[in-house]
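Here is a friendly walk through the model, moving from a single residue out to whole chains and their sheets. Keep the viewer open and follow along.

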Amino acid sequence: MKKRTIIPIGPYHPLQEEAEFFQLYVEGEKVVDMDVRISYNHRGIEGISETMHFDQVTFLVERICGICSASHPLAYIQAVEDLAGVEVPERALYLRTIINELERIHSHVLWAGLAGHFIGYNTVWMWAWRYREPVLDLLEEISGSRINYANAKIGGCRRDIPNELMPHIQKVMDELIPPMDMITKAVLDDPVIHARLKGVGVLTKEDALRYCVTGPTARASGVPIDVRRDDPYAAYDRVEWKVITRNEGDVFAKAVVRLLEIFESIKIIKECAEKIPDGPIEAEVREIPPGEAVGHVEAPRGETFHYVRSDGGNRPVRHKVRSPSYVNVPSFRASCIGQSISDVSITLASVDPCYSCTERIAVVDSDTGERVYTARDLIKLSQDKTKRLMEERGRQTNE
Amino acid sequence: MSWKIWALKKSPWVFHVNTGACNNCDIELLELLTPRFDVERFGIKLVGTPRHADALVVTGGVTRQAAPRLQEIYRQTPKPCVVFAIGSCACSKGIFKKGYHMIGPVDKVIKEVDPEAIVMYIPGCPPKPEAMILGVVKALAAL
Amino acid sequence: MDDVIEKIKEFLSDDLLELKEISRRQTYITVSEERHFDFCKYLFEELGGRFATATGMDTGDGFEVLYHFCFDSMNRVITVRVKTKGRDSELNSLAPFLPAAEWIEREVHDLLGINFKGHPGLERLILDDSWPEGEYPLRKEKR
């Protein structure tokens with residue numbers, strides 16, 4: 001019988017409320033099974049939420065995940081607005097759209113950079129993050145903070161974007177297109193990236209449906225779901241854009257979906273900035289009646305799902321949060337098994353869970369308990385594979 | 001000033017520990033390495049193991065599951081070392097104060113292991129990268 | 001959408017305890033403990049619903065579990081509500097045909113102590129290793 005090795009990955013995985021600890025079971029280089037343990041980042045948000053006012057909860061859910069800090073509040077707010085039957089003013093809908101799409105751009109660019117890092121293209125990492133800065137600056141200008149925007153509130157928005165800033169938003173978006181073009185081309189036209197990512201970590205359509213994955217992970221596997229289109233919220237039904245899908249289901253397809261979505265987001269923001277109507281930005285909300293409601297929003301990683309129940313008081317009696325990675329991460333079982341370990345870090349990264357989990361990988365031999373590989377070695381394995389492929393193609397590596 | 005402190009202040013290498021943060025502080029921390037801020041110019045570098053580190057950068061209020069791991073990581077770090085508590089959660093548990101799964105702010109958890117530990121606080125939700133740089137500079141000046 | 005509701009009514013016939021339509025896109029359907037497994041299986045396999053998540057709740061004299069299914073092409077969220085008769089009763093696990101339900105059932109088991117029959121591995125998921133057995137943070141008496 002082949003010797004089986006256990007590889008623990010983790011424990012930290014801070015991108016969302018759930019942190020994870022993976023154990024890969026490996027025979028030779030092939031992954032045969034995996035286990036996940038989460039709890040490290042469990043802060044008991046659902047418990048805390050029941051001790052706070054409806055308005056305060058908005059700021060709590062903003063801190064579920066730093067990158068989805070516009071999507072979580074919006075999902076929660078939409079659930080409460082549904083419950084209370086609030087009609088949100090038109091201008092507020094456009095403001096929400098702009099902030100949410102800016103968030104999507106910065107998240108996707110961040111992912112592109114980290115994916116580059118994992119396969120040994122640190123240049124892509126540095127460039128992607130450099131071009132992400134103007135987006136963060138813009139967010140700071142219009143919301144006051146680089147990351148926690150605190151923009152939406154029950155009934156509308158807290159802060160208006162003055163009309164004088166709209167040309168500036170257009171300008172920043174226009175300036176973003178050439179660098180994004182460059183990064184997209186660098187990824188899509190590079191034969192080594194093709195060789196490295198195509199056919200790796202395939203999540204078939206059947207598995208995608210079975211695991212009920214959402215967001216770019218589902219769209220790259222040929223499941224055309226997007227809450228923005230299927231259940232239009234904010235101003236998404238008032239602007240022109242399209243849902244990007246791919247059928248291959250591999251890591252490359254996920255990269256393509258994300259990169260092309262950046263351009264759709266730019267288009268949405270530009271159109272919103274042009275069309276935004278004048279008017280009030282908030283509706284009055286007197287009280288939240290008893291009842292229950294769900295709200296869902298397309299975050300950069302997929303659908304965030306909130307369920308709120310009220311008993312007529314000023315606090316929710318139950319507030320359930322489901323972030324996109326909660327359904328995307330278990331799909332690793334389908335996409336990682338049968339892969340070689342050098343492909344695992346990029347496959348794990350392809351659903352955009354987080355980077356630091358992969359930074360803390362250690363390989364332990366189950367028989368001797370000795371440490372065989374360290375955290376860095378696994379990324380190194382991945383980077384070496386890229387280098388080998390480059391050399392096979394007679395190309396110079398840029399190190 | 002002992003020679004150990006003198007050596008600590010030259011190009012500190014940092015190890016990043018997330019003990020239940022929402023990831024904002026982590027992203028802003030990584031931001032420091034990328035072209036706009038690029039602290040690697042000053043020899044500040046993220047390392048892959050606490051055994052190589054001069055400083056621990058801790059983000060997030062400490063959850064029950066993470067607390068023993070944080071203490072273990074602190075034990076593995078060569079002394080003297082500086083612990084940076086980055087963000088409101090790490091400094092005071094922040095908005096998650098009432099959570100049933102939170103053990104305490106970073107300083108409390110670290111001081112259970114070593115009452116003499118040097119802890120620096122950089123509050124903010126999240127602190128801007130500039131604030132983090134300022135915090136590090138102030139900390140090094142105070143040593 | 002209406003034909004889906006018709007199909008559901010036909011499938012459940014007398015076991016449909018309550019059907020509530022709230023706002024333009026939400027439907028809540030209450031079924032008994034005995035039928036919820038069949039019904040969820042029917043929603044997922046025959047009608048093509050996407051399982052979003054499950055919510056567990058303590059009502060004092062029992063538990064309430066809500067299974068949320070999204071029907072994306074019809075812009076509808078159908079929620080299946082099950083009320084257990086007492087604190088000790090068990091529910092059939094959906095995990096055997098629905099891998100997406102594996103984690104959430106483990107989480108509900110952790111936080112509320114509901115047992116799911118037929119779950120492939122009902123181990124601790126979200127609480128830390130040192131959390132005392134038999135304590136459930138989201139139960140009423142804990143608040």
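Let us begin with Leu176(A), which is buried because 22 other C-beta atoms lie within 10 Å, and the cut-off for that label is 20 or more. Please keep in mind that this is a predicted model.

**Two residues of chain A**

Leu176(A) sits in helix 6 of chain A, which covers residues 166-188. Leaving aside residues up to four places away in sequence, Leu176(A) touches Tyr131(A), Pro134(A) and Ile266(A). How far from Leu176(A) is Leu83(A), 93 residues apart along the chain? Their C-alpha atoms are separated by 39 Å.

For contrast in setting, turn to Gln23(A), which belongs to strand 2 (residues 20-27) of chain A. Gln23(A) has 16 other C-beta atoms within 10 Å, so it counts as partly exposed; that label covers counts in between the 12 or fewer of an exposed residue and the 20 or more of a buried one.

**Chains A and B at a glance**

The table sets some whole-chain values side by side.

| Chain | Helices and strands | Residues and buried share | Contacts joining residues at least 24 apart, among those at least 6 apart in sequence |
|---|---|---|---|
| Chain B | six helices, seven strands | 143 residues, 50% buried | 79% |

**Where chain A touches chain B**

How many residues does each chain bring to the contact? Chain A supplies 31 residues and chain B supplies 28 residues. On the chain A side, the elements that give two or more residues are helix 1 (45-49), helix 2 (54-62), helix 5 (122-143), helix 15 (356-359) and helix 16 (375-392) of chain A. Helix 5 of chain A gives the most, with four residues. By residue type, this side of chain A divides into 15 nonpolar, nine polar and seven charged residues.

**The build of chain B**

Read from the N terminus, the elements of chain B follow the pattern α-β-α-β-β-β-α-β-α-β-α-β-α. The radius of gyration of chain B is 14 Å, close to the 15 Å that the globule rule gives for 143 residues, so chain B is as compact as a globular protein of that length. Along the principal axes, the C-alpha atoms of chain B fill a box of roughly 40 × 35 × 25 Å.

As for confidence, the mean pLDDT of chain B is 87, and 99% of its residues reach 70 or more. Among the elements of chain B, strand 5 of chain B has the highest mean pLDDT (93), while strand 2 of chain B has the lowest (83).

**The sheet of chain B**

Chain B holds an open sheet of five strands in the order 2-1-3-5-7, with parallel pairing. Strand 2 (45-46) and strand 7 (118-122) of chain B stand at the edges; each has a single partner strand, so one side of each is left without a neighbour in the sheet. Strand 7 of chain B pairs with strand 5 (residues 82-86) of chain B in the parallel sense, over five bridges. To find this pairing in the viewer, look for Phe84(B), which stands opposite Met120(B) in strand 7 of chain B. Helix 6 (residues 129-142) of chain B packs on the sheet and touches strand 5 and strand 7 of chain B. The direction of helix 6 of chain B makes about 150° with that of strand 7 of chain B.

**The sheet of chain C**

Which kind of pairing does the open sheet of five strands in chain C have? The pairing is mixed, and the strand order is 1-2-5-4-3. Strand 1 (18-22) and strand 3 (50-58) of chain C are the edge strands, each pairing on one side only. From one strand to the next, the twist averages 20°.

Within this sheet, strand 4 (residues 63-71) and strand 5 (residues 76-83) of chain C run antiparallel and are joined by eight bridges. Here Cys70(C) stands opposite Val77(C) in strand 5 of chain C. Helix 2 (residues 36-46) of chain C packs on the sheet, touching strand 2 (26-31), strand 3, strand 4 and strand 5 of chain C. The direction of helix 2 of chain C makes about 170° with that of strand 5 of chain C.

How values were computed:
Residues are numbered from 1 along each chain as its sequence is written. Chains are lettered from A and ligands numbered from 1 in the order in which they are written. This is a predicted model: local features need pLDDT of at least 70, side-chain atom pairs count only at pLDDT 80 or more; totals for chains, interfaces and linings use all residues. Ala, Val, Leu, Ile, Met, Phe, Trp, Tyr, Cys and Pro count as nonpolar, Asp, Glu, Lys and Arg as charged, and the others, Gly among them, as polar. Two strands pair if DSSP finds at least two bridges between them. Axes are lines fitted to C-alpha atoms, for helices over the stretch in contact, and angles run from 0 to 180 degrees between N-to-C directions. The radius of gyration is taken over C-alpha atoms; the globule rule is 2.2 Å times the number of residues to the power 0.38. pLDDT is the predictor's confidence in each residue, from 0 to 100.
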